[in-house]
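Biologist: Please pick a single part of this model and walk me through it closely. Then put it in the setting of everything around it.

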Amino acid sequence: MHDTLTLYFRLIGASVRGQMEYRASFWMMTVGHFLTTVIEFLGVWALFARFRSLQGWSLPEVALFYGTVHAAFALAEGIGRGFDVFGNLVKSGDFDRYLLRPHGTAFQVAAQELQLMRVGRLAQALIVLFWAAGALHVAWTLPKALLLLATVLGGACLFYGLFVLQATMAFWTVESLEIMNALTYGGTETGQFPLTIYRGWFRTVFIILVPLAFVGHFPLHAILDRPDPLGSTPLVQWLAPLVGPVFLLLSFQVWRLGERRYRSTGS
Amino acid sequence: MKPYLAILGARFRTLLQYRAAAAAGIGTRIFWGLIRVMIFEAFYRSSPEAQPMTLPQTVTYVWLGQAMLASILWGIDRDVSQMVRTGTVAYELLRPVDLYGLWFSRALAARVAPTVAQAGPVLLFAAVFFHFGPPPSPAAALAWLGATALGFLLSAALSTLVTVSLLWTVSGEGIARLMPALVYTLSGMIVPLPLLPPAMRGVIAALPFAGLIDVPFRIYLGHIGPAEALGPMAGQAAWVLALALWGRWLLGRGLGRLAVQGG
């Protein structure tokens, strides 16, 4: 286990150093990511400028949802990059080589790349998050701050799990299909707002199928001290972020199943 | 005209080879449309005030946006980007067609082909589940078709301009990152332009992006009547012309200073 971790950090270190060789390019991409997400947030702000409130929610409250889900997504996107582009490995047949090496395949894909420029998105999400935390009338306590941190990390696990599942699909379809974007990018879009604004069947998708509610909606209600119309109790709200790591572990189990189905494209 | 039509045809055939990807694209559009429609429904429920657009109009605008998304979904032209990096862009100069015309029609084909493939199913879904209906009058339908065609030309002119700029930036990654978010927001894809705050609308009025989808969509809705449509459509045409001339001039300058590394 210790060796595996050492190796992981060595490989990631190499990836990071490689990216920093092209320093100008790195900064341009990072600033690009930052500005992109700033423009996206302008969209949310513009809607509040016009409609004033969203079913009783204010802009700082929604900004807390927004910052949480985007910070989680940026973390997962940066660390889970290897799984995001995994389809190319299957298509080119290069995955064969991974099977020959003395380490698990999931480990090798995970250690392949850490995409540093995603800190642009992360920075923007954190700025929104800190602004919201200050603008809200919330009595911040240590447990609440830790719950917020756990929510972000749990969310990162959930999105990482979705990237693993997306990669796993490539074992069957060879091409990684755009449809998973509906759950990853669609998930971030959905998670920007409290789940109660959506229709019932749609809420069910993001509570049960993709348990996004557990790393956003439920714990954030505990932080904001609001009664949840969906009926979650404080106990559920405080334990909810654990669903993220559980989802990730299950995703890796599905990966193992998929791996057994792998047939090389031979090219 | 013939080589340009051939490019369009080739693009369609390529697209048909990847049917699973096309179907996945349609699924994603529909899912995205559902999220956006529900968000707008919630906002409209929250405010009793009259808005510049009614909720049904906004819903139609969102579905048109998902149907036409591929028409403005442009990163940089990967082929040209690679040609510039490897130097094979020199071969492009040998082709017996006008280079700007070639790049422009390739950009146009890359916008039109996927849009035509996706729009039908997305709008059918919207018609079945969200009361998506036809334009209010035949005149509006006609004006909408014209404005949509101009929107495609505008999109192609803009993306060709970005492609030409690759001759200077080589990798073009910074522009490629920034362009989509900028275009989405300023064109009305994220929030319909009439719903934006007045200050932002002022900025947008001075830019070409409203001509991409906002003008045709509002003609479709009857938000711009067929009689008033001529002004905005002339604006679209003027931008197409200006951007095409700018792109052509820039291409001429870029080729003048083009240095191809041997090998």
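Modeller: Let's start with A:Glu61, which counts as buried because its relative accessibility is 12%. Buried here is under 20% relative accessible area, exposed is over 50%, and partly exposed is in between, using a 1.4 Å probe and protein chains only. Before going on: this is a predicted model, where local features need pLDDT of at least 70, side-chain atom pairs count only at pLDDT 80 or more, and totals for chains, interfaces and linings use all residues. Residues are numbered from 1 along each chain as its sequence is written, chains are lettered from A and ligands numbered from 1 in the order in which they are written, and side-chain values use heavy atoms, with hydrogens and water left out.

So who is A:Glu61's partner? The side chain of A:Glu61 meets that of A:Arg226 in a salt bridge, 3.0 Å from N to O; the term needs a side-chain nitrogen of Lys or Arg within 4 Å of a carboxyl oxygen of Asp or Glu. A:Glu61 sits in helix H3 of chain A and A:Arg226 in the loop between helix H12 (217-224) and helix H13 (234-239), so the bridge ties together parts that are 165 residues apart in sequence. Helices are DSSP runs of H or I with at least four residues, strands are E runs of at least two, and both are numbered from the N terminus. A:Arg226 is partly exposed, at 27% relative accessibility. As a rule, side chains of opposite charge can pair when their charged atoms come close.

H3 of chain A also turns up in the packing around helix H10. Nine of the 11 residues of H10 (residues 181-191) are buried, so this helix is largely enclosed by the rest of the structure. Among them are A:Leu183, A:Gly187 and A:Glu189. The buried residues of H10 pack against H3, helix H9 (142-173) and helix H11 (200-209) of chain A, and also against H2 of chain B; contact means heavy atoms within 4.5 Å.

Chain B comes up again in another bridge, where B:Glu49 and A:Arg52 meet at 3.1 Å, N to O. That pair crosses between chains, from the loop between H2 (19-46) and H3 (55-67) of chain B to the loop between H2 (23-51) and H3 (59-79) of chain A. A:Arg52 is exposed at 57% relative accessible area, while B:Glu49 is partly exposed at 41%.

A local pairing looks like this: A:Arg81 and A:Asp84 bridge at 3.9 Å, N to O. They are three residues apart in helix H4 (residues 81-84), which means about one helical turn separates them. A:Asp84 is buried, at 19% relative accessibility. There is also a network of salt bridges linking A:Glu77, A:Arg118 and A:Arg121. Over all chains, the structure holds 11 salt bridges.

Zooming out, chain A has 14 helices and zero strands. Of its 267 residues, 54% count as buried. Among contacts between residues at least 6 apart in sequence, 78% join residues at least 24 apart. The C-alpha trace of chain A spans about 55 × 40 × 35 Å along its principal axes.
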